[in-house]
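Colleague: Before we discuss the details, could you put the model on the screen, and may I then ask about it point by point?

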Amino acid sequence: MVGDTDSFGEVADLVSSKGGRQGGTASRIEREFVNPMRIIGLSMPPEYADDIRDSQFAFEKAMSKLTKATQGIRRDLPVEIEKNAVPDAQAAWEEGRVALNNFFATINTASGLKDELVQIPPSGPNQLAQYGRSIRRYNEFIKKTKLCQNRGGPALSQAWGQLMVSGYLQDSCGVEPLEGYFFQ
C-alpha cells in the first residue's frame, strides 16, 4: 500500500477525521486501532499495561510519521513527489507493523493463549500467504456485519427473522459464526 504513490491518498483517508459538523471526530485509525488498544491496556493488569501502552504509543507515532510522509500526495493531484517520500512511508509502515505485533504478543502473553493473535509478517511477495487470512472472507464478513447493523443489530434482526418463515434455519444477520471466521 505504501510502496505505490497512487495509494497515498488512501493512507490520508485512514488518518483524517470526517465528521458532519466539524467536531472532534476520530479517524478510522483511532476508531479501529488506537482506541481498542487504549481500552484493552486500561483493562489489563499493571505488569502488562505498561507494555501495551508502549506499543500503543509506538503505533501512534508510526502512524503520525506515515501521515507526514504521505501528506498532500493523491492520485488525482499533479504534485512533485519528494524522492524520500516512499522510503519514509515504508519505514513508518514497518514501525507501525512492529508496534502492532508487539501489542499482539503482549496480549497473547497476558491471556495465556499462545499465537491467538497472528503476527503480521514483514512486507514481501508472499506476505499474504504467510499471514494466512483471506481478504475475500474478510470483505464478506465486513459487508454482512454492516448489513446486520443497518437492520438494527442482531437482537432486532432476530426478532424480524422470527416473523419471516423460511425453509431453513440460519443466522438472521447472515454473519457466519465467528469460530469459523477466526480459525481459518
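Modeller: Asn-108 is a place to begin, and leaving aside its neighbours within four places in sequence, Asn-108 is in contact with Leu-113, Asp-115, Glu-116 and Leu-117. Please keep in mind throughout that this is a predicted model.

Colleague: In which helix is Asn-108 found, and is Asn-108 buried or exposed?

Modeller: Asn-108 is found in helix 4. Its relative accessibility comes to 8%, and buried means under 20% relative accessible area. Asn-108 therefore counts as buried.

Colleague: Which residues does Asn-101 touch, not counting residues up to four places away in sequence?

Modeller: Asn-101 lies in helix 4 and, at 7% relative accessibility, counts as buried. With residues up to four places away in sequence not counted, the residues that Asn-101 touches are Gln-119 and Ile-120.

Colleague: What separates the C-alpha atoms of Ala-99 and Ala-58?

Modeller: Ala-99 is found in helix 4, where it counts as buried at 3% relative accessibility. Not counting residues up to four places away in sequence, Ala-99 touches Ser-55, Ala-58 and Phe-59. Ala-99 and Ala-58 are 41 residues apart along the chain, and their C-alpha atoms are separated by 5.7 Å.

Colleague: How do helix 3 and helix 4 run relative to each other, roughly parallel or roughly antiparallel?

Modeller: The axes of helix 3 and helix 4 come within 8 Å and cross at roughly 165°. Angles over 145 degrees count as roughly antiparallel, and the angle of this pair therefore makes helix 3 and helix 4 roughly antiparallel.

Colleague: How many nonpolar residues are there in the contact of helix 3 with helix 4?

Modeller: The crossing of helix 3 and helix 4 is left-handed. Divided by class, the residues of the contact of helix 3 with helix 4 include six polar and four charged ones, while the nonpolar ones number 17.

Colleague: Turning to helix 2 and helix 3, are they roughly parallel or roughly antiparallel?

Modeller: The axes of helix 2 and helix 3 come within 8 Å, and they cross at roughly 160°. With the limit for this class at over 145 degrees, helix 2 and helix 3 are therefore roughly antiparallel.

Colleague: How many charged residues has the contact of helix 2 with helix 3?

Modeller: The crossing of helix 2 and helix 3 is left-handed. Among the residues that make the contact are Arg-38 of helix 2 and Glu-60 of helix 3. By class, the contact of helix 2 with helix 3 has nine nonpolar and three polar residues, and its charged residues number two.

Colleague: And are helix 2 and helix 4 roughly parallel or roughly antiparallel?

Modeller: The axes of helix 2, residues 28-43, and helix 4, residues 85-111, come within 12 Å and cross at roughly 30°. Angles under 35 degrees count as roughly parallel, and helix 2 and helix 4 are therefore roughly parallel.

Colleague: Which residues in helix 4 are met by Phe-33, Met-37 and Ile-40 in helix 2?

Modeller: The crossing of helix 2 and helix 4 is left-handed, and the residues of their contact divide into six nonpolar, no polar and no charged. Those that Phe-33, Met-37 and Ile-40 meet in helix 4 are Leu-100, Phe-103 and Ile-107.

Colleague: Which element gives the most residues to the largest nonpolar core?

Modeller: The largest nonpolar core has 16 residues, and those with the most contacts inside it include Met-37, Met-63 and Phe-103. Helix 2, helix 3 and helix 4 are the elements that give two or more residues to this core. With seven residues, the element that gives the most is helix 4.

Colleague: Lastly, what share of the residues of the protein chain count as buried?

Modeller: The secondary structure of the protein chain comes to eight helices and zero strands. Of the 184 residues of the protein chain, the share that count as buried is 23%.

Conventions. Residues numbered from 1 in each chain as written. Predicted model: local features only at pLDDT ≥ 70, side-chain atom pairs only at ≥ 80, totals over all residues. Heavy atoms only, no water. Axes fitted to C-alpha atoms, helices over the stretch in contact; angles between N-to-C directions. Helix = DSSP H or I, 4+ residues; strand = E, 2+ residues; numbered from the N terminus. Parallel < 35°, antiparallel > 145°, perpendicular 65-115°, else oblique. Left-handed = near helix turned anticlockwise from the far one by under 90°. Contact = heavy atoms within 4.5 Å. Nonpolar A, V, L, I, M, F, W, Y, C, P; charged D, E, K, R; others polar. Core = buried A, V, L, I, M, F, W, Y, C linked by side-chain atoms within 4.5 Å. Buried < 20%, exposed > 50% of the residue type's maximum accessible area, 1.4 Å probe, protein only.
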